[in-house]
Amino acid sequence: MSLELIKQAYASRVQSEEAKKKAPSGKGSGGPLIRRIKYRIAHNQDARIIIEGEGGIGKSWFALASCELLDQRFVDDPEGAVEHQIPFSAKEYLFAVKSLPPFSCIIYDEPGQSFHHREFMSEANIILSKTMITYRFKRFVSFLNIPGLGLIDKDGKMLVMYLINVVANGKAEVFENIFQKFGGDPWWKDVVDEQHMHTPGVKL
């Protein structure tokens, strides 16, 4: 192979690697969960996801990594995405859903293990039962980070589509809510036993 061909091959490889760094897909496909959410987006549907796990285990990590694969703003303007798309109160969430364009990712995150824990969960239930449904026409991808699913009331659980149980940074189990035709408690179907997610480019 001539020196010129070697240079061309190297340049092509460098360009390919740079393109991977810039594109959300370069961080990994995100597995069945992200494929399911993208399918909903392609069919003009919203997605409502709960991420549960103990404090500091990586709920925010998982949500941010997911958003980088679903919402280009988390890649192109991560600081702007964190400022406008990660509310820490019901008031901030309401402002976000009113101002953000359709198909935006929103992460409603618990502000640490504070004494406002009960107040946060009360607001989380309100968001699930009212705000998410009221603004469903904007087809948001909504992530709700909480310590445990048991803290959400029954009506709120019925509105959730996917449950992510984080077991470590970048590692989780994924379940899908199978809606009961005649009512009753939600039934969670196992989608992924061991979902791995890349390290997000931005942190809270």
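1. Cys67 is buried, its relative accessible area being 0%, where buried stands for under 20% relative accessible area, exposed for over 50% and partly exposed for the range in between, with a 1.4 Å probe and protein chains only. Cys105 is likewise buried, with a relative accessible area of 0%. The sulfur of Cys67 lies 3.7 Å from that of Cys105, its closest cysteine sulfur, which is too far for a bond, since a disulfide is a pair of cysteine sulfur atoms within 2.5 Å. The structure accordingly holds 0 disulfides.

2. On the basis of the note: this is a predicted model, in which local features need pLDDT of at least 70 and side-chain atom pairs count only at pLDDT 80 or more, while totals for chains, interfaces and linings use all residues. Residues are numbered from 1 along each chain as its sequence is written, and side-chain values use heavy atoms, with hydrogens and water left out.

3. The sheet is open and is formed by 6 strands in the order β2-β3-β1-β4-β5-β6, with mixed pairing; helices (H or I, at least four residues) and strands (E, at least two) are DSSP runs numbered from the N terminus, and two strands pair if DSSP finds at least two bridges between them. Because β2 and β6 (187–196) stand at the edges with a single partner strand each, one side of each has no neighbour in the sheet. From one strand to the next the twist averages 20°, with axes taken as lines fitted to C-alpha atoms, for helices over the stretch in contact, and angles running from 0 to 180 degrees between N-to-C directions.

4. β2 pairs with β3 in the parallel sense over 4 bridges, and Cys105 stands opposite Val141 in β3. Helix α2 packs on the sheet, touching β1, β3, β4 (162–168), β5 (171–178) and β6, and its direction makes about 120° with that of β6; contact here means heavy atoms within 4.5 Å.

5. In helix α5 (residues 78–85) the buried residues are Gly80, Ala81 and Gln85. Seen down the axis of α5, these buried residues fall within an arc of 100°, so they line one face of the helix, the arc being that of the directions from the helix axis to the C-beta atoms. The buried residues of α5 pack against α4 (73–76) and β2 (105–108), whereas Glu79 and Glu83, on the other side of α5, are exposed.

6. Two loop residues deserve a look. Asn44, in the loop between α2 (31–42) and β1 (47–52), has a positive phi near 55°. Arg139, in the loop between α7 (117–134) and β3 (141–146), also has a positive phi near 55°, and Arg139 is partly exposed, with a relative accessible area of 23%.
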